[in-house]
Structure formats: structure tokens, C-alpha cells
Amino acid sequence: MIKRFIKVVLHEWKLFFTDPAAVLLLVLAGVFYSVYYPLPYVKQLAEKIPVAIVDQDQSVLSRQITRMSNASQQLQVAYVYGDASEAEKAMAEEKIYGFMVVPKGMERQARRGESSGLGVYTHGAYVMLHGAIGNAFATVAATASANLKVQKIATTHKLPIKKAMAARDPFPLRVQNMFNGTTGYANYVVPSVLMLILQQTLLIGICTLGGSRKQRSFLSSEKRFSVVENESLMYRYFGRFTAYFLHYCLFLSFYHAVIYQVFDFPRRGAAGPMILFAVLFFSATIHLGMSISLLFKRRESSLQVFLFFSIPLLFLSGFSWPHSAMPQWIQYISYLFPSTFAIPAWTAIEQMGAGVAEIAGYLCGLTVQMILYLSIGLFWTYKRR
Amino acid sequence: MKSFFNTIKLLYGERNKFLWFLMVVLPILTSLFMISLLSAETPTNVPIGIVSFDDSVLSRKLERVIQANPVLDVKIKCPDLNSCEKEMQAGRVQAVLFFPPRMEEKALRLEAPIISVYTNAQSLLISNIVLKELRVTLGDAGASFSDYNLEDLLFVEVESVGNPEGNYVGFLGINLIVAVFHLCAMLIGTYLASWPFRTKRVSLWIQGASGSRIMAIFGAVAPGIFIVWLEFLVLYFYTHTFFAPIHLSQVWLIALGQWMMVVACFGMGMVFVGATGSMRVASSLTGIIGGPAFAFAGQTFPLLAMPLCVQCFAYLLPLTPLLQLQSALLLGPVGLLAAWDSFLLLSGMAAFWLILGTLSLYWQMGRQHD
């Protein structure tokens, strides 16, 4: 019995390395994507973003603000202009991504205790740069303003500097990142994408290889009537399942041991939760693949269809856009895909060091999917035998 | 002209339902799905937790103030930080606020007790939104608490040029539609160019075009380019009206830019087919190049922060200059010159890929025809 089973597993596994389409999808794609995708984000943070200062005040304080801006980690003051239209032109040419306008008479007003507004203009199309530039300029202005304000409070109310500082900000905030301490963009995006790569390549690979079909039209007639192709349903179905499962466990180990190490992503995952996760995630995905593979008439059709789904699936997992902000009907659709539960579960395990208890909700979702798709896969395979 | 229409009939008129599904149904459905997904524009009720070691009027007041913020929702009060950390791992809270012991007492004595905010930067976007809201809410509460407080002597007004409402999710939605059609055009280009190879009808294809290989290629891809561009145009401007109004003066340049992008993508698809002669391998190449294109286009993570080799690769993708064209037009008349530069780049790309695609396909057709 075991011999028959192992025969099917080995036969299927051999196919991954001998069929050109399978080699591309089930072997090369998983390795290539895992190296190719993190490349844009290797620097993790956008630092020293080119900006300009439109200095209409030409005062000691305005020059101090320019120096402070240039000293900040995020900004590099590439130009100092006297006129805002020059800065607008530079921004349109993408020489700079934002600028601050220091209005005429700012220092005089501030010294007199009057408020003065500094305009910060960022490029409307770039969300990340807008946040970084806005925060950096706001911090510079707040620091310069705090110095003036503390001096004012101290002299007006005759308070020591320390008390004056507390009076300016009675309960200051200290921000700490519990996970992804460096706020790296690659740490944020890549682990989620890696799980999506595993799911998509697995689904497309299964569909391209004909999933659980009894006779695969792409095989030569000699192979088509081989003993393995004519095995009983259970041997054939679970034999193939095991081949895919073991193959993808190797991928997960490769990501954990090599990719995470090369790109320096946090590795906090314990063996227990990772094994349980792998069993449930890959089972749900393989059974889903087995179920839908019967829908595709041509081998490459699944690739063409699933490519469209990659972007929506990534968003459906809620890693960048919260589930609660999605319409209800989209939330229901998201429950059909293993990635919806797998992506948050994986990031919780590997990036945050979560145990089984913390990710139980996601694992339950994957278990339900596994049972559902196993039933559908077996039923369809039986019907089409 | 007869040979041109014969080719169209052969490729488009043989009830190839899958082609129409791929070319019309899937891109429209995907685009509408993305628009619906991001329709909320700003997240509300993001769950946060509080660990309070100070049972005072001030801590209760701060809690009420935070709860009143529509973006935040105090979901859990944990006895200690460890329990809240586990809640964060489980995805039940996105940030934790820690009120230190004797916070009110210290604040009244002007000893500035520090309130710690622990965020989950693993969800970077949500974490930034939460942090921004907490800063504003607690800053306002602090100002009303202090008797000594003065108005800020320098204050900053951050304005996003071309996006005054700061509707980044809307712009993300628009850019994602562009990314969907970038992939779609490449895929359909690959599909149409490789269909006769896949069905082993290369000779029939050439015969249908009265023996002219150029006419056969043109007849195969031209209607596809027009259909995909038309869908793209309609969906793009529909999305724009949904998220952010667009000036009529910008419409023409964007529409022409989109045409160039679709042509360039079709050309790339044709090159893949010309080089491989196989639908399967060419589709895989399309997937590898076009699938993650959005990550390389510089809209989510800036191009200037990417390594030089990645920046060079990004400029090989037609998606990058089209997104830059759109971005430049956001800045109004001042951006027109930069937008024109992007348009010229796109036109060059379209011509390059189309010529290369035609030549490679011409060669491959000859190879398989013989």
C-alpha cells in the first residue's frame, strides 16, 4: 500500500523537474520571485529626500530652519529659492519632492510672540514622500517653535526651563514600534508577498499540471496510460497532494533560512507554529488548486487568469488596508482564499513571534478552507474520473 | 484591407470565449473590485488597546477623548503590556497606549509624564494613520490641560499639491487601475500574438492575410490594442470622477499616454512570443515582468530610494512613465512640461517595442510557417 502511494508521490515530484511549464512555475518562479521582489526595497527607508526651502525672510531663524531641515535624516535641502514658482517648477521636474515656504517677517513676528505659519508643499502623487516630508518639516518647525515657546513661558511665568518645557507639553508622547522596529518598507511588504507568491505559484502550477485529472492531455500517450495515471482515486489524489505539499515545505524552509537571512528580515518564528501553519496553509491551497484545476481547458489559462488576481488578493489579506474598511461583500469573498488567513498568520509567526494561541483564529479559517476544498476536490475528481 | 479583416475574423470571430473573458471581463471586474475595495478612503474604528497604571480623572478623560476620534476605537484594556502584545500579535489591536503610574499627579506638578505608544509597524500604513491621530488627539488634550500654554509661534500647514484633500487611497486606487491595465495589455498582446502558434494555425493565419506577415500581425493586435485602450480610458476616468475630479485639459494628454502604454505593452508581449514561439513560456515571462510591475513603478516606494539597477529596470516598464505623466499633471500647468517629457518617453517606448515585436514575430512566423 505504502509502496503504491510513494510511487505516485515520486512520479508527480519528478514531473515538477521534467515538464518545462512545471519547472518554470513550481521550481524557478518561487526562487526567482523571492529574490526579485525584495530588490526595490533593499534600502528599506526613503532617506535624504531632495527638498527646497523658499526663504522669503532671509533671517537668522530662517537659516536655522534650513540647517535643521538639512540635518534631519529624511531630508536633504537641495535648493534654497527666493520665489515659490521656482520651487514649483523644480517639483514638476521631480528635482525635489516638496518645499517649505518661510514667509517674509517670520522671525520678527515670532520674536514679538505672534504666530507665524510655514507652508509645506509636497507632491500630491507620492503618499510615502508626502508623509516623510511633512513629518520632517513639521518636526523641524516644532523644535524651532518649542525653543521660542519655552523661553517665552519661562520668562513670562518665571518658571525654570524644565518646568517651562513641561508646561509647553504636559504629557509628551514616546513612540515605540513593538514590531518592525526600523519601520522598514521591505519588512512590511515582502513577507506578505512571499506568502502570496507561494499561493499563486502553487495554484497555477497545479492547474497547469492538470491537478487531479485522471488522464492528462499534455502527457505522451505512453505516459498517459501509465500505472500511476490509472491509480485509484485516493492514491492519485493524495499522492499528488503529498508531492506538492513536501515540495512547498522546502520553499517555506528556503524562505525562512535563506531569503530572510539574505535580506535581513526579522526571524522570530518558532518551529511548532510554523509547522502547523505550513500544514494548514499548503493543504488548503493544494485542495483549492485540485478543485479549480478541472475548470481550465488549456494549461496556460490558469496562469493568464490568476495573474489578474494577484493585486486584489494582496489587498484582500488586509496587510495594507484594514479588513474593517472593506465593504462587507468583499470581506466575505476574501474568506474564500487561503492568503486572507495565511498572510496575517505568517507575519504574526515570523515577524512578531506569535504562538499557536495568538494565531488560532487564522488557523481555524485555514482548517475550514482545507476541509471544504478537500471535499470539493475529491467530489469533482470522482465525478470526472 | 480585405486581408486585414480576414485576420481579424480568424482571431476574434471564432468564438474564442476565453479571449473575450481575458480581454474584457477580467480587467473590468478586477478594476471595479479594486475601486470597491478602497471605496472607504479612510479607515475608521481602528482597534487600539490601553494599559493604564493611573486610575485618575486625567486618564479617563484621555480615554474618552481617544474614543471620540472616529478613526480610533479603544477595543481592549489590558492589565499589562504583555497581554496587549499578544492581542497585537493576534491582530486584535493595532496600537497600545501606556499611561504610566501617577500620570495625573506628575502632569499637574509639571513633571511631564511620558505616555508611551506602542505601534505595530508591521502594518505600516495603519500604524502611521493611528499614530497621526493619537498625536493630534493627545496634543489637543495636552493644550487644554496646561494653564501656561501659548499658541505655537511657528506652525506648519502641510499641503499636498494636486491632492488637496490628501486622498491617497483614491490615488492608490487610480494607480492600481493603471497597473491592472498594464498587465492586461501585456497579457492580451502575448495571447493574441501566440494564439496561432498555440493552435498550430500559423499558415492559415498568413494565408488569411493574403500572404502578408505584416498584415497578419497588424490584424491580430490592432483591434486588441483599441479594445483594451478603450476599456482603460473609460475605467480610468470613471475611477477619477469617483476619487478625485480631473480637469478637461489633462484628459487628452493622459488618453494619448494611455494609448502609448497599451501599444508598448502589446509590443512587449509580441517580443516575448517572437522570442519563444510558445504561448506558455511567453505568458510566464509576461507574468514575471508585468506581475510585480507596480512595485517597481515608484508610486508606493519612491524610485529614488531604490538601487540604481532597479531604477533602470523600472524605466523599461511602460507603467513608470505613464504614472509619472499622471503625477506631473496633478501639479497643474507647471507640470505640463514634465508630463510632455514622460509622454515623449512613452511614445519612444511604444515605437521601440512595437517595431521589435513586429520584427521578432515576423521572424518566428517565418520559422514556424516553413
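Two residues are said to be in contact when heavy atoms of theirs lie within 4.5 Å. In this predicted model, local features need pLDDT of at least 70 and side-chain atom pairs count only at pLDDT 80 or more, whereas totals for chains, interfaces and linings use all residues. Residues are numbered from 1 along each chain as its sequence is written, chains are lettered from A and ligands numbered from 1 in the order in which they are written, and side-chain values use heavy atoms, with hydrogens and water left out.

Gln94(B) is found in the loop between α4 (81–89) and β3 (95–99) of chain B, where helices (H or I, at least four residues) and strands (E, at least two) are DSSP runs, numbered from the N terminus. Setting aside neighbours within four places in sequence, Gln94(B) is in contact with Val46(B), Pro47(B), Ile48(B), Met88(B), Thr119(B), Asn120(B), Ser123(B) and Ile126(B). Is Gln94(B) buried or exposed? Its relative accessible area is 12%, so Gln94(B) counts as buried, a word that means under 20% relative accessible area, with exposed meaning over 50% and partly exposed in between (1.4 Å probe, protein chains only).

Strand β1 (residues 49–55) of chain A is mostly covered, since 7 of its 7 residues are buried. On one side of β1(A) the buried residues are Ile49(A), Val51(A), Ile53(A) and Asp55(A), and on the other they are Pro50(A), Ala52(A) and Val54(A). Two strands pair if DSSP finds at least two bridges between them; β1(A) runs parallel to strand β2 (residues 75–81) of chain A and is joined to it by 6 bridges, with Leu75(A) as the bridge partner of Ile49(A).

Strand β4 (residues 116–123) of chain A has 6 of its 8 residues buried. It is joined by 4 bridges to strand β3 (residues 98–102) of chain A, in the antiparallel sense, and by 8 bridges to strand β5 (residues 154–161) of chain B, in the parallel sense. Tyr121(A) is the bridge partner of Phe99(A), and Tyr121(A) also stands opposite Glu159(B) in β5(B).

## The interface between chains A and B

In the interface, 109 residues of chain B are in contact with 113 residues of chain A. The area buried between the two chains, meaning the accessible area (1.4 Å probe) that two parts lose on being put together, summed over both, is about 10,000 Å², and carbon and sulfur atoms give 70% of it. In chain B, Gln122(B), Leu153(B) and Leu154(B) lose the most area to chain A, together 9% of what that side buries.

There are 2 salt bridges between chain B and chain A, a salt bridge being a side-chain nitrogen of Lys or Arg within 4 Å of a carboxyl oxygen of Asp or Glu. The side chains of Arg198(B) and Glu300(A) meet in a salt bridge, at 2.6 Å from N to O. On the side of chain B that touches chain A, the largest share, 12 residues, comes from α7(B).

## Leu183(B) in helix α7

Leu183(B) has its place in helix α7 (residues 168–198) of chain B, and with a relative accessible area of 5% it is buried. Not counting residues up to four places away in sequence, Leu183(B) touches Leu307(A) and Phe308(A), as well as Thr286(B), Gly290(B) and Gly291(B). Leu183(B) and Leu319(B) are 136 residues apart in sequence, yet 9.2 Å apart in space, C-alpha to C-alpha.
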